[in-house]
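Subject: Structure for you to look at

Dear colleague,

I am handing over the structure below, and after it I set out what was found. Please read the notes with the model open beside them.

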Amino acid sequence: MTPNPLTRESEARREGSCIRVYGIPILLTAVFCAVGGYLAFLSYEGSHHEDSKSQPIPFCSPSLVRGEWPTAASSSSLSEKWTLRNLNRSIKVPASVPGGVYTDLMAADILPEGDFYYRFNDLNYRWVAKEDWSYCTTFEVDPEMAQHQRVVLIFDGLDTAAEVVVNGVVVGETNNMFVRYVFNVKEHIQESNVVDLEIRFESPLTYSTRAFEDQLKDYLVPPKCVPKDYQGECHANHIRKMQASFSWDWGPAFPNMGIWKRWELTGFDTLKISDILFTATPTEELPAKPDFSLRPGWNVTLEVIFDSALESGSTEGELEIFLGDVFNVTTDATIIAKDFEASKTVTFEIGQNLVDMWWPNGFGIPGCRALYDLNVSWKPKTESPTSSKGVRVGFRTVELNQDFVDPANETLGRHYRVHVNNVKMFMKGSNWIPAHILPEMVSEDYTLELLQAAQITHQNCIRVWGGGIYETDTFYEIADELGLLIWQDFMFACSMYPVNQPFLDSVADEIRTQIRRLHHHPSILLWAANNENEAALRGNWYGTASNFEKYKADYKKLYVETVRNVTQSLDSSRPFVVSSPNNGIESEEEDHVAKHPYSNLYGDVHYYNYLSDAWDWKIYPRTRFASEYGFQSWPSFRAMRNVTTEEDWSRTSSLSYHRQHHPGGQEEIALQIGLHMHLPPGDGTEKTYRDYLYLSQVHQAVAVKTESEFYRRGMSSINSQGEGYISGALYWQTNDIWQGPSWASLEYGGRWKMLHYYVKKFFTPVLISLYVDGDDLEVAVINDSYESITGMTLSVVLYRYDQMEPITYFNATVDAVAMEANVVARYNLWDDLKLTEHCQSGLKDEVDVCFVVAGASAGSGEGETLISTNFQLLGKPKDALLQKASVEVRSVSGPYLTTISNDTFIITLSSNQVALFVWVEVDDPGFFSDNGFLMVTEEVSIEFYAEGSTTEESLQQSIQVTSLTDTYMDESIARVDREAAMERALHPNDIRNLIFV
């Protein structure tokens, strides 16, 4: 076993550290939103006609068709036939644009060994990344195109190092996947209306290796390579492309190439609108308590960015601005161009009671976001064509409050609290990684499915992690619609980076491209310059201590003098943090590299600890903001069998270790399973492999539940050292990139892991949280809403594992105070719960005989509403007095029409014993109302929300149910005592419970 160190700095070196349905809140507002959504659809449809004007209607539906906003400028977005070929022309196949080399080769049957993710294909297909490739096309253009003042090729994304060749002449070079490139090509198309266009891509491995070697002539910019366990490639930090495409500890290496975004050939004579930056500031102070009916006035600032036909000089014309029928203005404008770019700032005021405020998920009208169509048109005074662009905007404010916790005692540290519309909010969410290693493989529907799975589980914040990509326009549009705040990292992660001038210039272009593209989205919460690089520098992760001051100067030059300066020149309306984790203002005061980047008194923390008992709340830090934390699990057998063969079905198989990129990860999962349950033998049978996958998910779900509830309990209090006032919990990670072990709660393909069902419960707005502190069972009520609930009925029930009837129970009347977490009840295990009296069984400890279930409800009679349920195991399940549970499917009925799914089914389960972690699976895509639950009654009914059409028969045929005792040995041993049982020959890593009859 090669465990990771337990210190936070060292452990954080881990390098990375649905279905079209709505969440439960929409059940309460379906009729309202249906009307609003229909009106918004009409507005959206209208905005996609050139002469239409958008309507100022709140946008309530995430299911509308998306597309490019129209432009009246003279342009041609071309969809010609493309060809892909390698450098020696031994391969020549049809190509798709936008797209990438890997997907084109797969479509042409050049990659014969199956799916990208099948078995060892990440290695088998690595040759693709080592070759140079060209995309070629030939097309005709209208002869009038060459008559325009300027004719350009625009590429929104080329991945990555390439030459752009028009009619045999190199017109430009690229070296950054995240930059929008504009190339002048007028002189190359004047002589002929036939254009030969070629994009020559250099292997990213060749490019990055050369850049690394050139840099090494001066000094080393580490790391030299990723850990061997990653099965990846070296020097990703020397090329501006998806860092994770060279591999990470949760994903494979597929260093792609291609025209991965939209491109166009366009001609114009004056100006062409490229981007609109939108900032709105309320004309009055907003209240600290949310008022969803408040419609304040706003001071609006628009910065319109243009591509210019003139390299320099002035152009006169009119700007026409329409915010639906809320506001419109036409103003004369003289616009000054420089280096073929221009901008114009326009300010205006929106009066009171004209627009609604945009709120995050959990606030405002459930399921509905106030979004407005903003259209800007440029009309030159000449006869030249107009140029138009539209974006969808929202009215809101964001702030990252870092006031001192106690102004009278500054040593207690600072807050790190998010305020939206001046309202303090607890951030509940997760960390997003690319949904596929090849971006072109991610559809709009899949993006929607994943983000809705976050919205349904009460998340209000998603961190787009800095080793992936700046996500698609669709991603941010959906986030706007669902009310998911986006913590947006810039794409730098877990490395030192070069700071030569060409690299810095490219980074500056990258930041400008992305901020201009994303600025108008109300979902963007903040900008963060990098992931874990301050901690890496201070913690000497990559051997930088010997020349610390040099690397620190580089760090500041890149992230402070370049990334921050460019960001703040374009966007002063949002918070900017230099790193994550980071001490916020304290890091700035320590010259941007804090002595203790993981301080619990400032900023955010990434915390990972795989060797301590992950189900013990006492190991977790009382930090200000937990922006990364989590534990690994494997995906379902249904996911793994698609990319494996029978010989791979063992936790000790070569495939299992090949997929496990996290150093020591297999041993850590085995350790955590063994601490709490019984580790199945690696005997290669399907049964033990399935058990292992299932138990890994049980471990992960309970561990992240324990940690998340701990963070939520600390939201409104601090200890004597100043630790507490926790304001956010973003677990690592939302989604998977392939079928393998990871920290994700959603496996590749969108199927919910057990953790995701637990997320839905531990992020519920009002939560009952149980934990044992010494000899006391503590019951806390967490309420992160602004409405108190008084007079709730709290029920705490003691059960034995060997019977379904409750042993004893306690009822209390408690309050859920708005925006507070409070202990509302305390029960001594021995004096109140009387474990000595109720929980005796032979040699078993009392905590292994009994467990606790609790619930809170509001109202009475027919109006009673269940607010929250929870459980607390007093001991470890492997030692529990569990009897063999036979959990069976009693019935499946449906489909029924609900607001969650058109095909909803009711599944009724029965059990003859108490069953832990009851796990229900079907082949059909969809999710359940509950899963991974404790079964303490003979019968339980849950709902299944199918993504598409299915039948009772289909579900009956595929449904499988697993509970914890299903992972125990199949044989029953009658009338044997403990000593005799332990003399039996058992697998050395498999000290199991024996099931007595």
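The charged end of arginine 417 is placed over the ring of tyrosine 725, at 5.1 Å from the ring centre, where a charge sits over a ring if NZ of Lys or CZ of Arg is within 6 Å of the ring centre and within 35 degrees of the ring normal. Before going further, please note that this is a predicted model, in which local features need pLDDT of at least 70 and side-chain atom pairs count only at pLDDT 80 or more, while totals for chains, interfaces and linings use all residues. Residues are numbered from 1 along each chain as its sequence is written, and side-chain values use heavy atoms, with hydrogens and water left out.

Tyrosine 725 itself belongs to the loop between helix H16 (686-713) and S30, helices (H or I, at least four residues) and strands (E, at least two) being DSSP runs numbered from the N terminus. Its phi is near 50°, a positive value in a residue other than glycine, and with a relative accessible area of 22% tyrosine 725 is partly exposed (buried means under 20% relative accessible area, exposed over 50% and partly exposed in between, with a 1.4 Å probe and protein chains only). Another arginine, arginine 659, lies over the face of tryptophan 738, 4.0 Å from the ring centre.

Turning to ring pairs, the structure holds 61 aromatic pairs; rings of Phe, Tyr and Trp (its six-membered ring) pair if their centres lie within 6.5 Å, and planes under 30 degrees apart count as stacked, over 60 as edge-to-face and the rest as tilted. Phenylalanine 490 and tryptophan 527 have ring centres 5.5 Å apart and planes at 15°, so this pair is stacked. Because phenylalanine 490 lies in the loop between strand S25 (485-489) and helix H9 (501-518), and tryptophan 527 in strand S26 (residues 524-528), the pair ties together parts that are 37 residues apart in sequence. Both phenylalanine 490 and tryptophan 527 are buried.

An edge-to-face pair is formed by phenylalanine 492 and tyrosine 559, with 5.6 Å from centre to centre and 85° between the planes. This pair links distant parts of the chain, since phenylalanine 492 is in the loop between S25 and H9 and tyrosine 559 is in helix H11 (residues 548-570), 67 residues apart. Phenylalanine 492 and tyrosine 559 are likewise buried. Elsewhere, ring pairs link Trp82, Tyr135, Phe139, Phe155, Tyr181, Phe183, Phe201 and Trp263 into a cluster.

Strand S5 (residues 150-155) pairs with S12 in the antiparallel sense over 6 bridges, strands being counted as paired if DSSP finds at least two bridges between them. Within this pairing, glutamate 264 in S12 is the bridge partner of isoleucine 154.

A hairpin is formed by S2 and S3, with 5 residues between them, and arginine 89 in its turn has a positive phi of about 65°. Strand S2 (residues 82-86) and strand S3 (residues 92-95) run antiparallel and are joined by 4 bridges, with arginine 85 standing opposite lysine 92 in S3.

Helix H8 (residues 473-482) is mostly covered, as 8 of its 10 residues are buried. What covers these buried residues includes strand S23 (427-432), helix H7 (444-456), strand S24 (461-464), S25, H9 and S26, contact meaning heavy atoms within 4.5 Å. Just after H8, glycine 483 takes a positive phi of about 75°.

Some backbone details deserve a check on your side. Most residues other than glycine have a negative phi, and most peptide bonds are trans. Glutamate 532, although not a glycine, has a positive phi of about 70°; it is located in the loop between S26 and helix H10 (533-538) and, at 0% relative accessibility, counts as buried. The peptide bond from tryptophan 732 to glutamine 733 is cis, with omega near 15°, and glycine 894 and proline 895 are also joined by a cis peptide bond, with omega about 5°.

With best wishes
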